[in-house]
Every structure is written in C-alpha cells, then in structure tokens.
Amino acid sequence: FYKILGAEPHFLGDGIRRAFESRIAKPPQYGYSTEALVGRRQMLQIAHDTLTNQSSRTEYDRALSEDALTMDVAWDKVPGVLCVLQEAGEAQLVLATGEHLLQDRPPKRFKQDVVLAMALAYVDISRDAMAASPPDVICCCEVLERALKLLQEDGASNLAPELLAQIDETLEEITPRCVLELLALPTDEKKRQEGLQGAKNILWSVGRGGIATVGGGFSREAFMNEAFLQMTSAEQMDFFSKTPNSIPPEWFEIYSVALAHIAQAIASKRPQFIMMADELFEQLQKFNIEMDLALERALCSLLVGDICNCRMWLGIDNESSSYRDPKNIEFVVNNSLPGLCKLLETWLVFPRSRDTRGTQFRLGDYYDDPKVLSYLERMESHLAAAAAIAKLGAVKSSALQAFSKVFPDALKIISAGTLLALFAVLGLKCLPPRMDAKLAEDIVRRWQSIKSKALGPEHTVTALQEVLGGNMLKVWADRAAEIERHGWFWEYALSGVTIDSITVSVDGRRAAVEATIEEVGPKNDDAKYTARYEMAGWRITEGA
C-alpha cells in the first residue's frame, strides 16, 4: 500500500493523503480500458483508506512486519492492480503475474490491459539496465524487444501508439551498440550468434543506396569497422560471402575482407586465401582507381612465391612505374631478400579481427608448413624450391639463378652459412638449444668439421655417427648421399663458434643449444648465422 501510493511508512495521515491525491492527479498516459482505470483508482482508494485510519493502519503494519499480508482481488479488478503495481516499480511481479494470466486466454480487453502493464514493466527494466554502471545495453535491448513483441502480437499496439513509437525509436538507437556487445562476448558463447545475425540484419538492410546511418550515431562504415573488430577473420569472410547480391559491397568492406583472407591464410596455412585476397584487391582497384594497393598486391605475390609480380608491384625494375615507392625501394635494396621478408613480416599484423589481434606472424611458421609447401610447389614457386633446398641441404643451380634474378646484387651464396642465413629469414623452423658451454662448443665444432667433410668434395660420411644420433643422423646421411649422387659439394671453413644459450632438461639427459656460427667460403664470402641443436647422450639428435 505504501509503495503504490508513493508514500513512506513514517508518513502521517496528511502525508498519505497528499501521496494519494498526487497519484489520482496523474492517471496512466497510455490506453488502459475504463475498467482497468476504475480498478486502479479503487486500489489506490483502498490503500488510502487503510493507511489514514489509525486502527486499520496498525493492523496492516503488524501484518506487514509479520509478512502475513494477503488480499483477495476481484477478477475484473486485476488489470487495475497490475497497473498500480507497475507504477510502484514492481516490474518483475507484474511480468510473472501477467504471464500466468495470459496462459488462461482471458477476454480480449482484459488481455490488452495485462499486455500493456507488462510492456510498461519491460520498459521500466530497460531504464534500470541503462542506468547501471556500466549500462547493460544487451539487457535493455532484449526487454524492449519483448515489450515490442507483446504489443504487436497481442493486439495492444493500437492502445499505446506513442509507447510503441518510443520503443521503436529506442531500439533503433541502441540495437547497433547491443550487437557490438554481443559480438564482444567469448566466441564459444551461444548468445554471441545473436550478435553475428544482428550485424547481418543491420548491414544488409543498409546497403549502398540505402540510408546513410544505421542508428546510434553510426555510419554504415563505422559500424562495419566496429563489428569486424569483434569478429574473427573467418567470420568476416563468411559475412562477405553470404551478403546478398542486391547489396554491392563498399570499398572499405572489400579491403577489410581482403585482409581477413590474408589473416586466415597465414593462421590456417592455406595459401589459396592469398589468391582470393589478391582478387579482392584487384576488384578494389577497379572500383576505386585512386587507391594505392601496390604494396598489398606485392606482398600477396610474395606470399604465394610469385616473385615477378612482386617486383612489378613494387616497381623494382622500372623507375618510371606508377607503383614505385622510393621508401619501399630503398628499404628492399638496402636489406636485400631479408629486407623484403622483414617488410612482409612487419606488414603481417592484423588488428582488425579478434583471432589475430596482437599476434605477430612469422614467415617460418607459414613457409615451413607442408600444406603451404605443397601448394607453392604446384604453382612452381621459387620460394617452394628455396624451402626444399634448405630441407635437403643442397644448393641447386636453378634455385640460385632464381634468387639471383630477384636480387642480383645482394645474393652471393657460396658458403652453407650464407644460404642458411637467407632461409632463416624466410622462416625455416628452428628448434631450441643447451648444457656446459665448453662441452657444447666442442660438440658444435666437431659437428661442423664432420659436416664439412660429408658435404665436401670427398663426401666422407663415416664420421657422422660420431656426433649425430636419432633423426639428425638419418637426415644428414640421406642428404650427403643425395648430394654425392648429383655431384654437388660445398666448400667452406669454420671461423668461429659462440654458444649463445644452453637449456638442460630436468633429468639432465637432454639439452638444447643455440650457437652463432661464422664461416668463410672459397672467395672470402663471410657468413654468420644462428643454429639450434637438440642433444641427447651428447650427440645431436635434431637441429636447424
């Protein structure tokens, strides 16, 4: 009674009367039936009469303190009771009671009053959600959608057109923010799917030629950028592929999805996505001639081993090329193949999708994957040939010629160390290194000496088992035999070994050693590279 009057338990009789008169003076602004309004006034009158009579108030307060209050309400007065309860802020009680009443299929006018009270209760909950800190936009959006559904499905919309318009307007304003918050939920949370569908509903209903904004102060581009930040690269690709043909993509959409394809290609080791990304960049160039996408297309070409196209897009061979960027050219010329690869690694940062944000991709993890190598080999890519050479441990003249064509002034591969240094930049996977520094250096020096004889003109392989074991012995015995069959050989001399780090296993039986090795070829071509070895029983069992 105190609540429905807007009074407090300490109010005297005059205070109770003033609260009653204030409530009576402000009838509901929405379309309740006459019966509901009469029921509301009668309920307020009962509360007033009970609390202004000292005897009945004392009895009421006692029952209230003992939580023993009950009251019978005539069926035709129930809508009026729901009305005053909603005004008193008892939203959850109104909803629970209303849902129970609707199950009994009440008469139409009765039902409309119940629905209206429930819709207003949902609106109250939505306001509380937005008043929270931080605002609970998802909850607000959900309860307003329930209110809207109630009004539309149960025939009460004509009773409160202003309320319906207010809910519609609020939903239009907050739905984009709600969708973004749903997308920000953990990717394995089921509710997040509502965010993905919501993004499609918004963006697909506001295609090119449609309204400029999507609500909440967002332009279509701004909303898409925010939504993509909360999507994985695979989700961005799926969104783009399923966009109806009647909605031509905007330029910013094509660019974002092209980057998503590259991110997926690197993350899932599927180079075919690089080709699809390049096609999107090409489409974008036709769509917007002013856009400079030369660097993007050059690096796409490099990722699939198309060196000729890479050089063309960078304008390396043509000083008058419109694609030529002096800064890129200077960087590549100064740093050679490692510089170009470093440029690519620096570019491979994808903050626009949640699964790749903060991830630093390494070319080694990409090029060393069997699926990638297989794909590049089918394309007869020079990079695939290069990776194969490094794995085989042999220098084929065709690969040397391919690289010398790309970087004629920078590539002088005479010693094994120079070759390995270049392929290390391409990212061939390295294993960790360790033990006592002196022992580690002795083993590494002995291995380098034995290796030079196995790969040299005499092809002496009998000593390999003295320093190698396990898979390492098999690999290098096979390599040496392969090199001898082809009549190849390497000539180099070891000039220095520095042990950089040693990691010993807990049981002390295995170690990982990292060493910097310096060597010189027959034409005084100095080489310096890092090698990592795994050792067991103080033989090298794995290495790169």
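**Stop 1: the sheet**

Select strand β4, residues 510-520. In this predicted model, β4 is mostly covered, with eight of its 11 residues buried.

Next, show β6. Four bridges link β5 and β6, again in the antiparallel sense. Tyrosine 533 is the residue opposite glycine 543 of β6.

Colour the four strands together. They form an open sheet in the order β3-β4-β5-β6, with antiparallel pairing. Which strands are at the edges? They are β3 and β6 (539-543), each of which pairs on one side only. From one strand to the next, the twist averages 35°.

**Stop 2: helices on the sheet**

Select helix α23, residues 437-455. α23 packs on the sheet and touches β3, β4, β5 and β6. Its direction makes about 135° with that of β3.

Then select helix α25, residues 470-486. α25 also packs on the sheet, where it touches β5 and β6. The angle between the directions of α25 and β6 is about 75°.

**Stop 3: helix α16**

Move to residues 307-314, helix α16. Show the side chains of Ile307, Cys310, Arg311, Trp313 and Leu314, the buried residues of this helix. Why do they sit on the same side of α16? They cover an arc of only 165° around the axis, which puts them there. An α-helix has 3.6 residues a turn, so residues three or four places apart point the same way.

Step past the end of α16 to glycine 315, which has a positive phi, near 70°.

**Stop 4: the nonpolar cores**

Select Ile4, Leu5, Leu116, Leu151, Leu163 and Ile167. Within the largest nonpolar core, of 59 residues, these touch the most other members. Several helices each supply at least two residues of this core, among them α1 (2-5), α2 (13-25), α3 (34-52) and α9 (161-183). Which helix gives the most? α7 does, with 13 residues.

Centre on leucine 5. Beyond its neighbours within four places in sequence, leucine 5 contacts Ile16, Ala19, Phe20, Arg23, Leu44, Ala47, His48 and Leu51.

Finish at another core, which lies apart and has 58 residues. Select Phe273, Leu344, Trp347 and Phe350, which are among them.

Terms used: Residues numbered from 1 in each chain as written. Predicted model: local features only at pLDDT ≥ 70, side-chain atom pairs only at ≥ 80, totals over all residues. Heavy atoms only, no water. Buried < 20%, exposed > 50% of the residue type's maximum accessible area, 1.4 Å probe, protein only. Arc of directions from axis to C-beta. Core = buried A, V, L, I, M, F, W, Y, C linked by side-chain atoms within 4.5 Å. Contact = heavy atoms within 4.5 Å. Pairing = 2+ DSSP bridges. Axes fitted to C-alpha atoms, helices over the stretch in contact; angles between N-to-C directions.
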